[in-house]
Structures are given as C-alpha cells and as structure tokens.
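Here's a quick briefing to read with the model open beside you. Have a look at the structure first, then work through the notes by topic.

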Amino acid sequence: MSDSVQAIRGMNDLLPERLERWQRVERVARSVFHAYGYREVRLPILEKTDLFARSIGQHTDIVEKEMYSFVDRNGDKLSLRPEGTAGVVRAGIQSGDFRSQLQRWWYAGPMFRHERPQRGRYRQFHQLGVEAFGVPGPDIDAELIIMSARLWRILGLKALSLEINSLGTPQSREVYREALVSYFSAHESELDADSVRRLEHNPLRILDSKNPDMQAVIQSAPSLLDFLDQESTDHFDQLRALLDNAGIVYSVNPRLVRGLDYYARTVFEWATQTLGAQGTVCAGGRFDGLVVQLGGKPTPAIGFALGMERLVELMSEQQIPGDNTDPDVFMVMAGDAAQTRGMAVAEEMRDAGVQVQCNCNGGSFKAQMKRADRSGAHYAVILGEDEIVANRATVKPLRHEASQQQIEMGSVTRYLVEQLDKI
Ligand code: ATP
Ligand code: MG
C-alpha cells in the first residue's frame with residue numbers, strides 16, 4: 001500500500017454510496033430548474049486565464065492565489081475554472097445567444113481553487129449554478145430566490161436562512177468605497193494582515209473577513225445601504241416586496257459582499273449554522289456589467305451557485321436520504337440451463353422497468369443467496385434445476401416477512417411488477 005498512488009489533497013473520489021445524495025440533488029434540481037424554464041449548458045473546464053482575471057477581478061483571492069493555471073504546449077495561459085459564471089458569459093457572447101432577449105441557463109460540474117482543504121472547503125468542489133440574462137428588473141431576482149427556496153423545500157432541507165443585500169451600482173459603490181477606506185484607515189491597528197492588504201485594492205472584501213477578531217470593527221463600519229443610488233434603492237425595495245409577497249423569510253445584511261468583483265445591486269446567500277465555519281451553501285447576485293466587461297452588448301444578468309459538497313453534508317446531517325440505487329430483484333441461477341433461462345427472464349423484467357442484478361461467476365446456491373441479501377434487492381428470483389423442469393421460478397421476498405412463491409415462468413415479470421408497485 002505504501003507506494004500506491006494517492007489522490008491529490010483536497011480532491012475527493014465520489015464512490016457509488018456517497019453519490020446517492022448527490023444524485024437526488026441533481027435529479028430534484030434538474031426538475032425544479034426545468035419548472036422555471038432554465039435550460040442546461042455544458043462548458044469547458046479549461047478556459048484562458050485571462051477570462052477569469054477580466055471577470056472575477058485581478059485583486060480577488062481567487063485570481064491572486066487560488067487558480068490552477070499553467071502554460072499549455074502552445075504557450076497559451078490556461079486555468080481550470082474556479083467558478084462557472086465567467087465561462088457562461090463567454091459562451092453566451094461567443095454564441096450570440098444574448099442577442100435574443102431572455103436566456104435562462106443552468107450548469108453543473110467541478111470547480112478548482114487552491115484553498116486550504118478543510119471541512120466544506122476542497123480544491124476540487126462541485127457547483128450547481130443558474131444564470132438569467134436579459135432582465136434588468138427585480139422580478140427575475142425574486143424568481144431566482146423563490147426557485148432556490150423551492151429546491152430546499154423539495155429536498156426537505158431545514159435550517160437554511162437567507163440574507164440579502166444590495167451593492168448598488170459601480171458608481172454608488174465608489175462613493176461607499178471611499179467612506180470605507182477612510183473608516184478602516186482610521187482603525188488600521190484593529191485590522192489583520194489580510195485586511196490591511198485589501199484596504200488598498202479591494203476594501204469591500206474586508207467586510208467578508210471570516211476572522212472573528214475582525215467582527216467588531218466590521219460591525220461598526222459604514223453601511224452600504226446608506227450609500228445606494230435611488231434606482232438601486234427602488235430595485236431593492238421592489239425585490240423585498242416580491243419576496244414578502246411570496247412568503248420568503250430573509251434578513252437584510254448590509255455587510256454582505258461577495259468575493260468576486262463582478263457583482264452589482266442584489267446579492268444573497270443561503271447559509272446554515274450547523275456546518276461549522278463553511279456554512280454558506282448557496283450564493284449569488286446580480287452582475288449587470290459583466291457581459292460588457294467581457295466584450296458583449298449590455299446585458300443585465302443575475303445568478304447563483306450552490307456548493308454540492310456542503311449541501312450534501314447538510315442533507316446527511318439532517319438524515320435526508322439519497323436516491324436508492326439498490327436493485328429490485330437479484331437473480332439466483334444454479335446450473336447452466338438456469339443461467340441461460342435466467343438471463344433471458346432478466347431482460348424481460350428490465351423491459352418492464354424492473355432493476356435486476358444477475359448473479360455472475362456461479363457459486364453455490366447458498367453463496368448466491370448471500371449475495372442476494374447483500375445486494376439490497378427486495379426479491380430474489382431463484383432458478384435451479386427443479387424450477388427449469390417445472391417451468392416456474394421461486395420468488396423469495398428478502399426485505400419483508402412473507403413466504404416464497406412458485407410463479408409460472410411466463411408470469412414472473414408481471415407478478416414482480418405488481419409486488420414492487422405495492423412497496
Ligand atoms: P466562501 O465564502 O465559503 O469561500 P465563496 O464566496 O468563495 O464561498 P462562491 O464563489 O460564491 O463562494 O461559490 C458559491 C458556493 O460554492 C459557496 O457558497 C460554497 O457553497 C461553494 N464553494 C465555494 N468554494 C468552495 C470550496 N473551496 N469547497 C467547497 N465548496 C465551495
Ligand atoms: Mg471562497
């Protein structure tokens with residue numbers, strides 16, 4: 001074992017059992033997104049490094065120190081995507097799809113950031129994200145948030161709370177930025193090293209500090225909401241009214257900012273107290289300027305991304321089961337004739353939608369029954385020499401008390417479908 005190859009630190013294997021909850025999230029999310037008219041896009045995991053520098057921002061943690069970047073064989077500078085929005089915007093501009101009114105898109109897949117691995121924070125992690133392009137008003141902001149609330153509701157998740165804020169326009173934020181710089185400069189002795197560094201290039205990010213020692217000085221900082229322009233204030237008020245109307249509970253956190261530079265106006269986060277320090281499960285906001293910034297026509301936009309690892313951990317904490325991948329039926333086949341007949345009967349069952357795991361690699365009747373038990377199947381269908389002669393199968397319930405039945409070979413599929421329907 002000692003010299004066997006190991007996975008890269010912070011990059012996890014997702015093996016079948018762990019994936020059951022993932023599959024449930026993906027299945028439910030797909031149907032919820034579909035119910036709101038969102039369509040899936042699948043984009044490259046590698047992009048030019050420049051795309052991320054131009055969108056996420058030069059002075060963000062992601063671009064400054066977290067990207068997996070390299071020069072490829074042609075000398076091009078490439079990066080593994082650290083998030084999904086930049087690629088989505090690039091694809092929309094490149095395809096011309098943003099020219100035709102509204103686009104609602106969603107995506108899923110791995111993202112890469114060279115962060116310090118810990119609970120809820122990995123170097124390869126997975127996001128499910130949605131983006132809507134072409135709507136400037138707060139109706140789409142509300143729709144997006146209502147959609148995320150529906151997702152939690154259908155998954156059965158509890159203890160997630162919503163915080164919202166408005167970052168205003170880039171112009172109003174500039175005024176706020178100055179107020180913030182003069183406030184934090186006056187309190188420089190209370191700042192940690194990271195925040196001192198941010199003071200020059202990215203003072204808003206100081207508000208996002210996770211350092212407990214910084215919380216007091218952050219709490220007393222000027223509030224962004226006092227610096228909003230009139231249009232942003234109206235937008236925010238309308239969003240709040242729409243959320244109130246939909247019965248969505250939220251709190252306004254005037255210190256909520258995001259780690260990416262492209263956000264403007266609405267930002268929001270769904271978080272829980274129960275996952276430790278990495279409690280934010282879903283985060284998003286408006287990025288009206290990004291399409292232009294990347295060379296497209298002015299296109300308002302808003303989106304969010306949820307972190308699959310954190311969401312799935314929360315599900316397991318709340319004992320929400322995943323999708324069951326156990327078979328319905330395990331086929332026990334003793335002897336060559338039974339094997340041949342059994343494989344044909346299994347095909348017939350699969351035609352009828354039954355999930356069948358066939359015994360492979362022979363083995364005694366006893367050994368096969370053991371495998372049947374371990375498979376998690378509801379029924380064993382047993383074919384031995386006697387069954388072949390009588391043209392019947394023995395159907396044995398494995399997970400509930402009931403006696404086994406001899407069923408005519410031609411009726412066994414119908415019988416099982418009926419029995420499974422009752423479960
Ligand atoms: P955080 O404040 O937790 O670092 P972030 O602001 O960097 O998150 P976004 O870039 O907005 O997060 O990503 C959206 C979501 O993706 C996060 O809310 C989180 O659930 C998840 N996420 C982000 N980074 C990681 C990571 N390194 N490992 C696991 N999940 C992550
Ligand atoms: Mg982060």
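In this predicted model, H6 gives the second largest pocket the largest share of its lining, four residues. That pocket has a volume of about 480 Å³.

- Sorted by class, the lining comes out as ten nonpolar, seven polar and seven charged residues.

**The cavity**

- If you go looking for cavities of 30 Å³ or more, you'll find one.
- The largest cavity comes in at about 70 Å³.
- Around the largest cavity you'll see Leu43, Pro44, Glu47, Phe52, Arg81, Glu83, Gly84, Gly87, Val88 and Tyr107.
- That lining splits into five nonpolar, two polar and three charged residues.

**Salt bridges**

- Searching the whole structure turns up 24 salt bridges.
- One of them pairs Arg198 with Asp61, where the closest N and O atoms are 2.9 Å apart. Arg198 sits in helix H7 (residues 193-201) and Asp61 in helix H3 (residues 61-66), so this pair ties together parts that are 137 residues apart in sequence.
- Both partners are on the covered side of the cut-off: Arg198 is buried because its relative accessible area is 11%, and Asp61 is buried because its relative accessibility is 14%.
- Glu269 and Arg258 also meet through their side chains, at 3.3 Å from N to O. Glu269 is in strand E9 (residues 266-271), while Arg258 is in the loop between strand E8 (251-252) and E9, eleven residues apart.
- Glu269 counts as buried at 13% relative accessibility, and Arg258 counts as buried at 15%.
- Shared partners join Asp61, Lys65, Arg198, Arg205, Asp208 and Lys210 into one salt-bridge network.
- Within that set, Asp208 and Lys210 form a salt bridge at 3.8 Å, N to O. Lys210 counts as exposed, with 58% relative accessibility.

**A buried charge without a partner**

- Glu20, in helix H1 (residues 16-35), is buried yet has no salt bridge.
- How far away is the nearest side chain of opposite charge? That is Arg21, and the distance is 7.5 Å.
- Setting aside neighbours within four places in sequence, Glu20 is in contact with Gly322, Asp323 and Thr325.

**Helix H11**

- Seven of the ten residues in helix H11 (residues 308-317) are buried, so the helix is mostly covered.
- The buried ones are Met308, Glu309, Arg310, Leu311, Val312, Leu314 and Met315.
- Their cover includes H1, strand E6 (124-133), H5, strand E10 (280-286) and strand E11 (301-307).
- Just after H11, Gln319 has a positive phi of about 55°.

**Other positive phi angles**

- Most residues other than glycine have a negative phi.
- Asn391 isn't a glycine either, yet has a positive phi of about 55°. You'll find Asn391 in the loop between helix H14 (385-390) and strand E15 (392-397), and at 32% relative accessibility Asn391 counts as partly exposed.

Definitions and conventions:
Residues numbered from 1 in each chain as written. Chains lettered and ligands numbered in written order. Predicted model: local features only at pLDDT ≥ 70, side-chain atom pairs only at ≥ 80, totals over all residues. Heavy atoms only, no water. Helix = DSSP H or I, 4+ residues; strand = E, 2+ residues; numbered from the N terminus. Buried < 20%, exposed > 50% of the residue type's maximum accessible area, 1.4 Å probe, protein only. Lys, Arg positive; Asp, Glu negative; His and termini not counted. Salt bridge = Lys/Arg side-chain N within 4 Å of Asp/Glu carboxyl O. Contact = heavy atoms within 4.5 Å. 1 Å grid on protein atoms, 1.4 Å probe; cavity = no way out; pocket = protein on both sides within 12 Å on 5 of 7 lines; lining within 4 Å. Points joined across faces, edges and corners; volume = space filled by probe spheres on them. Nonpolar A, V, L, I, M, F, W, Y, C, P; charged D, E, K, R; others polar.
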